[in-house]
Amino acid sequence: MTQNVIGMGGPGTTVYSGEFDGRKVAIKRLLKSRWEEADKERALLLQADNHPNIVRYFGLKSDDMFEYLALELCRGNLKDLIEGRLNVQLDSLTILSQALAGLDHLHSLQHPIIHRDIKPSNILILVPNTKESPRAVIADLGCSKQIMPGQTSYSISGSGAGTSGWIAPEVLNGFGYQSEKCRPTNKMDIFSMGIVAFYTLTSGYHPLHDVNPIKRDMN
């Protein structure tokens, strides 16, 4: 399995292609020290299951060093597609419509899930082994936040969440202090998805211009 690297995640996280219960899957391997993140992602994926635009979860295994999440195997991600490394026929408006459907599903659950890291590399392109058309699915719920029914925001702890260059202003403004004016809501996902939409429709351009992610945050 270790020869079949198909992606990299956060610190110490690698994604491989492999098999689980006779099924071809993506194996997300996390360091044992991140077992809480793996368990949380497993729980959130189970709650968000049975939606065509959310990546499917199949199982969780572990050994002395790592946790292994078995997930739906996708051909690549939106970044790969836009940058020409993925040969799949899927038009931009369909991708955005499907990604928004997946995000709406997360936000509409009885206990809503705020993804907190919407970006092109977390929107995967699934090519089914059936006659179904390729479709976009939202993945990587490792840093997602679940809120209670009726709850509209949450306080930021630690360094917040998200990837530099794709983070909503209220999250950036909330780093380092607590402010009722900066408490994130599910709108942070909408802001990030808006940037993704611009990126997709313009074939790879970013609305905040600079190629440096830190400068994008400043903009």
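Predicted model: local features only at pLDDT ≥ 70, side-chain atom pairs only at ≥ 80, totals over all residues.
**Strands, helices and salt bridges**

Reader: How do you know that strand β2 and strand β3 pair?

Author: Seven bridges join β2 (residues 14–20) to β3 (residues 23–31), and the two run antiparallel. Two strands pair if DSSP finds at least two bridges between them, so seven bridges qualify β2 and β3. Residues are numbered from 1 along each chain as its sequence is written, and side-chain values use heavy atoms, with hydrogens and water left out.

Reader: What makes β1 and β4 edge strands?

Author: The open sheet has five strands in the order β1-β2-β3-β5-β4, with antiparallel pairing. β1 (5–8) and β4 (57–62) each have a single partner strand, so one side of each lacks a neighbour in the sheet. Neighbouring strands here are turned by 30° against each other on average, direction ignored. The protein chain holds six helices and ten strands, counted as DSSP runs (helices H or I, at least four residues; strands E, at least two) and numbered from the N terminus.

Reader: Why is α3 called roughly antiparallel to α5?

Author: The axes of α3 (residues 92–108) and α5 (residues 187–201) come within 10 Å and cross at roughly 170°. An angle over 145 degrees counts as roughly antiparallel, so α3 and α5 receive that label. The axes are lines fitted to C-alpha atoms, for helices over the stretch in contact, and angles run from 0 to 180 degrees between N-to-C directions.

Reader: Which residues of α3 and α5 meet?

Author: From α3, S92, L93, L96, A99, L100, L103 and H107 are in contact (heavy atoms within 4.5 Å) with D189, I190, M193, V196, A197, T200 and L201 of α5. By class, the contact of α3 with α5 has ten nonpolar, three polar and one charged residues.

Reader: What makes R42 and D39 a salt bridge?

Author: Their side chains meet at 3.0 Å, N to O. A salt bridge is a side-chain nitrogen of Lys or Arg within 4 Å of a carboxyl oxygen of Asp or Glu, so the R42–D39 pair qualifies. Both residues lie in helix α1 (residues 35–47), three residues apart, about one turn of the helix. The structure holds eleven salt bridges.

Reader: Why is R42 called partly exposed?

Author: Buried means under 20% relative accessible area and exposed over 50%, with partly exposed in between (1.4 Å probe, protein chains only). R42 has 23% relative accessibility, so R42 counts as partly exposed. D39, at 31%, is also partly exposed. Of the 219 residues of the protein chain, 45% count as buried.

Reader: How do you know that K79, D80, E83 and R85 form one network?

Author: K79 and E83 meet in a salt bridge at 3.1 Å, N to O, and E83 and R85 meet in another at 2.5 Å, N to O. Salt bridges that share partners join K79, D80, E83 and R85 into one network.

Reader: Is R85 buried or exposed?

Author: R85 has a relative accessible area of 51%, so R85 is exposed. K79, at 33%, is partly exposed, and E83 is partly exposed at 40%.

Key:
Parallel < 35°, antiparallel > 145°, perpendicular 65-115°, else oblique. Nonpolar A, V, L, I, M, F, W, Y, C, P; charged D, E, K, R; others polar.
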